[in-house]
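Me: Please examine the model shown here with me. I shall ask on what grounds particular descriptions are given.

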Amino acid sequence: MATDSLKVGRAWDDDFQGWTADLQLGRKQKKPASGASKSSTWTGKSVPGREPGDYPGKGSKADVRARLQGIARKSRQVMVKITPGKNRTMRSVRRHLQYIGEDGQGVVYDQDGNEHRGTNEVNDLAWKWQHTGPKMPEETDIRLAFNIMFSMPEGTDERAVYAAVKATAEAEFAGHQWAMGQHFDEPQVHCHVAVKAEGMDGVRLNPRKADLQRWRERFAHELRERGVEAEATRRATRMHQQRIDKPWAVTRLEERGEATNPLPSHSDAKRVERWKDTEKRAASSYDRIIEALHRSSDAADRVLAKELAESLVGQQTRKIVPQENRTKPELERT
């Protein structure tokens, strides 16, 4: 009898892991194959890419439960974006490092934890970037550095955000020279990070969508580790339809904080279709997850099932999944 119970438990765990993988809660996103790598300015040889491992415990039952709880409770979504700037000259790199240091009024911290205050010290840091490790010419046709912003909505613990960004940078940009600073000029709590494109081992940073999503997930994980509810799920996965009918160009302008007039005439039909397809798959996964949690012998699972069922994803799931395909009983309302 105990053996049968153990088999059932393992089967439930396997199914649950598969459904959450469909929601990208425990699975790596595939990164597109890159072209031939360029020779390193540091080693003179072509070197393969490097990708950090996932954050500790990713995909575990505790991790997935925490993320589903965040989805049910509409936890604040982290934002990570590469900010404009091609950084093909040392002048632009120095200018951005000065911006991180708020033109001498703030502090810039490097990857070793050293503080750089004032314009002279920040210029000295830029000089070290240029002359230590991989070469950084005054002007070139490739990107010398990346400017990245990590942000959370107003009211988030500022110290927790700073610590989470630092931990994320240490993991994701290991082997690279990087610098960061926290700004307080906007309601959103945010930090700026500048990363030298070529690492000390000759590997160049080459971020794609999968990398940005991994950065978001690690940032959210580090925030949760510090007691801040945070999530990093895709908008379609969390059934958030606010922007689906807007043209892609409008969404991009809004994300950049730019004017959206005049509006493009219509939305991208293919994009809307892809969104709906993703939403259908997500609804099917949520339907099965809620049922599995509801049938669990763990009281915490059943509570989570109720939270999910009553949340936005639960409401959308009931609209999308055909009633005849939904065999589970209605959750008890207490």
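Me: In this predicted model, where is Asn87 found, and what makes it count as buried?

Reply: Asn87 is found in the loop between strand 2 (79-82) and helix 3. Buried means under 20% relative accessible area. Asn87 has 5% relative accessibility, so it counts as buried. Its phi is positive, about 50 degrees, although Asn87 is not a glycine.

Me: Why is Glu102 called partly exposed?

Reply: The class lies between the limits of under 20% for buried and over 50% for exposed. Glu102 has 30% relative accessibility and therefore counts as partly exposed. Glu102 is placed in the loop between helix 3 and strand 3 (107-110). Glu102 also has a positive phi of about 50 degrees without being a glycine.

Me: Why are helix 8 and helix 10 called roughly perpendicular?

Reply: Their axes cross at roughly 110 degrees and come within 9 Å. Angles of 65 to 115 degrees count as roughly perpendicular, and helix 8 and helix 10 are therefore described in that way. In this pairing, Glu279, Lys280, Ala283, Tyr286, Asp287 and Ile290 of helix 8 meet Val313, Gly314, Gln316, Thr317 and Ile320 of helix 10.

Me: How do you know that the buried residues of helix 10 line one face of the helix?

Reply: The buried residues in helix 10 (residues 312-320) are Val313, Gly314, Gln316 and Thr317. Seen down the helix axis, they fall within an arc of 165 degrees, so they line one face. An α-helix has 3.6 residues a turn, so residues three or four places apart point the same way. The buried residues of helix 10 pack against helix 2 (61-72), helix 8 (269-295) and helix 9 (299-310).

Me: On what value is Thr278 called buried?

Reply: Thr278 has a relative accessible area of 16%. The limit is under 20%, and Thr278 is therefore buried. This residue is found in helix 8. Leaving aside residues up to four places away in sequence, Thr278 touches Arg234 and Ala236.

Me: Which residues touch the most other members of the largest nonpolar core, and which helix supplies its largest share?

Reply: Phe173, Phe219 and Leu223 touch the most other members of this core, which has 27 residues. At least two residues each come from strand 5 (145-152), helix 5 (158-172), strand 6 (178-183), strand 7 (189-196) and helix 6 (209-225). Helix 5 gives the largest share, 5 residues. Apart from this core lies another, of 21 residues, among them Leu23, Ala283, Val313 and Val321.

Me: What part of the 334 residues in the protein chain is buried?

Reply: Buried residues make up 44% of the chain. The secondary structure of the chain comes to 10 helices and 8 strands.

Notes
Residues are numbered from 1 along each chain as its sequence is written. This is a predicted model: local features need pLDDT of at least 70, side-chain atom pairs count only at pLDDT 80 or more; totals for chains, interfaces and linings use all residues. Side-chain values use heavy atoms; hydrogens and water are left out. Buried means under 20% relative accessible area, exposed over 50%, partly exposed in between (1.4 Å probe, protein chains only). Helices (H or I, at least four residues) and strands (E, at least two) are DSSP runs, numbered from the N terminus. The arc is that of the directions from the helix axis to the C-beta atoms. Contact means heavy atoms within 4.5 Å. A nonpolar core is a set of buried Ala, Val, Leu, Ile, Met, Phe, Trp, Tyr and Cys residues joined through side-chain atoms within 4.5 Å. Axes are lines fitted to C-alpha atoms, for helices over the stretch in contact, and angles run from 0 to 180 degrees between N-to-C directions. Angles under 35 degrees count as roughly parallel, over 145 as roughly antiparallel, 65 to 115 as roughly perpendicular and the rest as oblique.
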